[in-house]
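Here's a quick walk through a few spots worth a look. Have the sequence and the 3D view open as you read.

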Amino acid sequence: MLNGNLKLAIQKSGRLTEKSLQLLRTCGLDIENYSDRLLVSSRNFELDLLFLRDDDIPEYVQDGVADIGIVGENVVIEKEADVDTIKKLGYGKCTLMIAIPEDKNMLSLDELNGKRVATSYPKILANFFRNNKIDAKIIQISGSVEIAPSLGIADCICDIVSTGNTLKLNKLKKFTNVFDSEAILIGNKNFDKDSGKYAILKNLIVRIESALNAKTSKYLMMNVPKVALPRIREILPSLKSPTILPLADESMLAVHAVIPSDTFWDIQNDLHEAGASGLLLIPIENMIL
Ligand code: PRP
Ligand code: ZN
């Protein structure tokens, strides 16, 4: 499709698919139901979505088939793709880990020497072994790495762990972390900065940043006695100066503030003790700082 739209590649079906679509929708993009289609356009933004296997995304972006992509950092590093990392996206967090059968015990990294380790991440693992001076055999497998020990073709595995369910299901346990990863936005390196597409990309990045900021903030509203205002302001971890509004009862004020989401439960008691009442905590969808 040579329509001038920005082309964004995302995972066809997997851990990152729904969350990536959710992020784009929070950015105000109207995306039709993709079901089994390979390519979908946004109805209200100049963007085409390409649904690909995550392993293919770094190369497609490198070669310019897609302009940008959302994929796990682990995949980008493993593929040694020559792309720009535009932004970490804060979701899809997982760890590439070495895991061993539940009934085995290993105490130190040294015990990996001479072992057979099955993985779909041979380059990252080889690098880990090199850095730790470990001489182990890497068995490269493209999928379902977790069954390799029970098939007898490996002693341990090195694979992505997110919830840990896959390990548990296959009677494996964590041994050591190799690489922490999350979803990242990557871009083609030869982007023409004068092109219309680049303008679309800049617009999209502003929207993504706004959505990410909003996710970590909440809007707090409360009523406070006028005399308590200095103390209330001390307690508030406000991102900027709070909004203060008069109330019909002249001894009282309404205070509104944007606060980091995770601070609410730490401060609500202090606010209460300082005289605040009617606390309302409201989610924010977008926030441009
Ligand atoms: C990884 C890994 C496991 C699963 C682990 O696959 O290979 O299958 O996630 O997740 P859990 O700890 O929550 O059970 P990934 O999502 O990277 O996709 P892939 O199929 O492309 O390997
Ligand atoms: Zn994959």
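Start with lysine 133, which sits in the loop between α4 (122-131) and β8 (137-140). Keep in mind that this is a predicted model. Most residues other than glycine have a negative phi. Lysine 133, though, has a phi near 50 degrees, a positive value in a residue that isn't glycine. With 73% relative accessibility, lysine 133 counts as exposed, because the cut-off for that is over 50%.

Lysine 171 is another one to check: its phi is positive, at about 55 degrees, and again the residue is not a glycine. You'll find lysine 171 in the loop between α6 (165-169) and β10 (172-181). Its relative accessible area is 57%, so lysine 171 is exposed.

## Around glutamine 11

Now to strand β1 (residues 6-11), where glutamine 11 has its place. Is glutamine 11 buried or exposed? Its relative accessibility is 10%, and buried means under 20%, so glutamine 11 counts as buried.

Which residues does glutamine 11 touch, leaving aside those up to four places away in sequence? The list is Leu16, Thr17, Phe51, Leu52, Asp54, Ile57 and Ile70. Some of these come with polar contacts. The side chain of glutamine 11 reaches the backbone nitrogen of leucine 16 at 3.0 Å, and a polar contact of 3.5 Å joins the side chains of glutamine 11 and aspartate 54.

Threonine 17 itself is placed in helix α1 and, at 3% relative accessibility, counts as buried. Not counting residues up to four places away in sequence, threonine 17 touches Ile10, Gln11, Lys12 and Tyr34.

## The zinc ion

Aspartate 54, the polar partner of the glutamine 11 side chain, turns up again at the zinc ion (ligand 2). Which protein donors does the zinc ion have? They are Asp54 (OD) and Asp55 (OD), lying 2.2 Å from the ion. As for aspartate 55, its relative accessible area is 26%, so this residue is partly exposed.

## How α1 packs on α7

Back to the helix that holds threonine 17. Helix α1 (residues 17-26) packs with helix α7 (residues 196-215) at an angle of about 105 degrees, and the axes are 9 Å apart. That angle makes α1 roughly perpendicular to α7, because 65 to 115 degrees counts as such.

On the α1 side, the contact is made by Leu23, Leu24 and Thr26. On the α7 side, Leu204, Ile208, Ala211 and Leu212 take part. How do the residues of this contact divide into nonpolar, polar and charged? Six are nonpolar, one is polar and none is charged.

## Threonine 119

Last stop: strand β7 (residues 116-119), where threonine 119 is found. With a relative accessible area of 0%, threonine 119 is buried. Threonine 119 touches Leu125, Ile138, Ile139, Gln140, Ile141, Val145 and Cys158, not counting residues up to four places away in sequence.

For a sense of scale, take threonine 119 and lysine 19: they are 100 residues apart in sequence, and 25 Å apart in space, C-alpha to C-alpha.

Terms used:
Residues are numbered from 1 along each chain as its sequence is written. Chains are lettered from A and ligands numbered from 1 in the order in which they are written. This is a predicted model: local features need pLDDT of at least 70, side-chain atom pairs count only at pLDDT 80 or more; totals for chains, interfaces and linings use all residues. Side-chain values use heavy atoms; hydrogens and water are left out. Helices (H or I, at least four residues) and strands (E, at least two) are DSSP runs, numbered from the N terminus. Buried means under 20% relative accessible area, exposed over 50%, partly exposed in between (1.4 Å probe, protein chains only). A polar contact is a pair of N or O atoms within 3.5 Å; within protein, one must be able to donate a hydrogen and the other to accept it, and residues adjacent in sequence count only if both atoms are side-chain atoms. Contact means heavy atoms within 4.5 Å. Axes are lines fitted to C-alpha atoms, for helices over the stretch in contact, and angles run from 0 to 180 degrees between N-to-C directions. Angles under 35 degrees count as roughly parallel, over 145 as roughly antiparallel, 65 to 115 as roughly perpendicular and the rest as oblique. Ala, Val, Leu, Ile, Met, Phe, Trp, Tyr, Cys and Pro count as nonpolar, Asp, Glu, Lys and Arg as charged, and the others, Gly among them, as polar. Donors are N, O and S atoms within 2.8 Å of the metal (3.2 Å for Na, K and Ca); water is not among the atoms, so sites may look incomplete.
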